[in-house]
Amino acid sequence: GVPCVVTRSLGVLSFLRDGENALLTRQDPNDLAEKVLQVLRNKDLHDHLRRNARCPEQYLPHAVMKKIERLLEDGI
């Protein structure tokens, strides 16, 4: 339920949609700042992103930690 501003990358593009559940930016600090300000200044946009913000199960902290633990146990 947190509005997100995220740099475009392969992982996030699998579940984030620009303007629907996040704002996606180029790898540029000015673009990032501009998008953050959009969310802070536009209550309707903020609320829309917040309502649609959901993290897929595989990216939740406990799921990621389990993957890391398995890798460590397997001795990578």
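This is a dialogue about reading one predicted model.

Trainee: What should I know before I start?

Mentor: The model is predicted, with local features needing pLDDT of at least 70 and side-chain atom pairs counting only at pLDDT 80 or more, while totals for chains, interfaces and linings use all residues. Residues are numbered from 1 along each chain as its sequence is written, and side-chain values use heavy atoms, leaving out hydrogens and water.

Trainee: How many helices and strands are in the chain?

Mentor: Helices (H or I, at least four residues) and strands (E, at least two) are DSSP runs, numbered from the N terminus. Here the chain has four helices and two strands, and along the sequence they follow the pattern β-α-β-α-α-α.

Trainee: What span should helix 4 have, and what follows it?

Mentor: The expected span of a helix is 1.5 Å times one less than its number of residues. Helix 4 has 13 residues (residues 61-73) and should therefore span 18 Å, which agrees with its end C-alpha atoms being 18 Å apart. After helix 4 comes G75, with a positive phi near 75°.

Trainee: What radius of gyration does the chain have?

Mentor: The radius is taken over C-alpha atoms, and the globule rule is 2.2 Å times the number of residues to the power 0.38. The chain has 15 Å, whereas a compact globule of 76 residues would have a value near 11 Å. Along the principal axes, the C-alpha atoms fill a box of roughly 45 × 25 × 15 Å.

Trainee: What share of the residues counts as buried?

Mentor: Buried means under 20% relative accessible area (1.4 Å probe, protein chains only). In this chain, 21% of the 76 residues count as buried.

How values were computed
Buried < 20%, exposed > 50% of the residue type's maximum accessible area, 1.4 Å probe, protein only.
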